[in-house]
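Here is a short note for a colleague who has not seen this model before. The points below go from the whole chain down to single residues.

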Amino acid sequence: MKREQDELSNRTVVVTGAARGVGRATAEAFSQAGATVFGIDITDQGKVAWETITVDLGEADATAKVIKSVPQTAVSYTHLTLPTSDLV
């Protein structure tokens, strides 16, 4: 039986919203499972165990920047939250 840390050792995972909350917890979980993680967020993620890309995905060229920075992706996890003032 494989060890839990080796389950995703040959996988690359892209996680948006990785600076805090659910996105950060997801990036941590994939990293602990052995995946190569690229955390994307508009906010600095600080010192973490994964590669970080600080970018505003709302900008026109942001997706191209991410695609150039990340090798072939097996898993993509997109986490998006809106400030409550945007829900009115």
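**Notes on the predicted model**

1. Of the 88 residues in the chain, 30% are buried, where buried means under 20% relative accessible area, exposed over 50%, and partly exposed in between (1.4 Å probe, protein chains only). This is a predicted model, in which local features need pLDDT of at least 70 and side-chain atom pairs count only at pLDDT 80 or more, while totals for chains, interfaces and linings use all residues. Residues are numbered from 1 along each chain as its sequence is written, and side-chain values use heavy atoms, with hydrogens and water left out.

2. The chain has 2 helices and 4 strands, in the order β-α-β-β-α-β from the N terminus. Helices (H or I, at least four residues) and strands (E, at least two) are DSSP runs, numbered from the N terminus.

3. The chain exposes about 6100 Å², and carbon and sulfur atoms supply 50% of that area. The areas come from the Shrake-Rupley method with a 1.4 Å probe; for residues, only the protein chains shown count as cover. Among contacts with a separation of 6 or more, 48% are between residues 24 or more positions apart; a contact means heavy atoms within 4.5 Å.

4. Strand β1 (residues 12-16) is largely enclosed by the rest of the structure, because 5 of its 5 residues are buried. Thr12, Val14 and Thr16 point one way from β1, Val13 and Val15 point the other way, and all are buried. In a regular strand the side chains alternate between the two faces of the sheet.

5. β1 and β2 run parallel and are joined by 5 bridges; two strands pair if DSSP finds at least two bridges between them. Opposite Val14 stands Phe38 of β2.

6. Which residues form the largest nonpolar core? It has 9 residues: Leu8, Val13, Val15, Ala18, Ala27, Ala33, Ala35, Val37 and Trp50. A second, separate core of 8 residues includes Phe38, Ile40, Val55 and Val66. A nonpolar core is a set of buried Ala, Val, Leu, Ile, Met, Phe, Trp, Tyr and Cys residues joined through side-chain atoms within 4.5 Å. In soluble globular proteins, nonpolar side chains tend to be buried together.

7. Gln45 lies in the loop between β2 (36-41) and β3 (51-54). Is Gln45 buried or exposed? Gln45 is buried, with a relative accessible area of 3%. The side chain of Gln45 makes a polar contact of 2.8 Å with the side chain of Trp50, and a polar atom of the Gln45 side chain lies 2.8 Å from the backbone oxygen of Gly39. A polar contact is a pair of N or O atoms within 3.5 Å; within protein, one must be able to donate a hydrogen and the other to accept it, and residues adjacent in sequence count only if both atoms are side-chain atoms.

8. Arg24 is in helix α1 (residues 21-32) and is partly exposed at 22% relative accessibility. Beyond four places in sequence, Arg24 touches residues including Gln45, Val48 and Trp50. Arg24 and Val48 are 24 residues apart in sequence and 9.6 Å apart in space, C-alpha to C-alpha.

9. The structure holds 1 salt bridge, meaning a side-chain nitrogen of Lys or Arg within 4 Å of a carboxyl oxygen of Asp or Glu. Glu28 forms a salt bridge with Arg24, with the closest N and O atoms 3.6 Å apart. Glu28 and Arg24 are separated by about one helical turn, because they are 4 residues apart in helix α1. Glu28 is partly exposed, with a relative accessible area of 34%.
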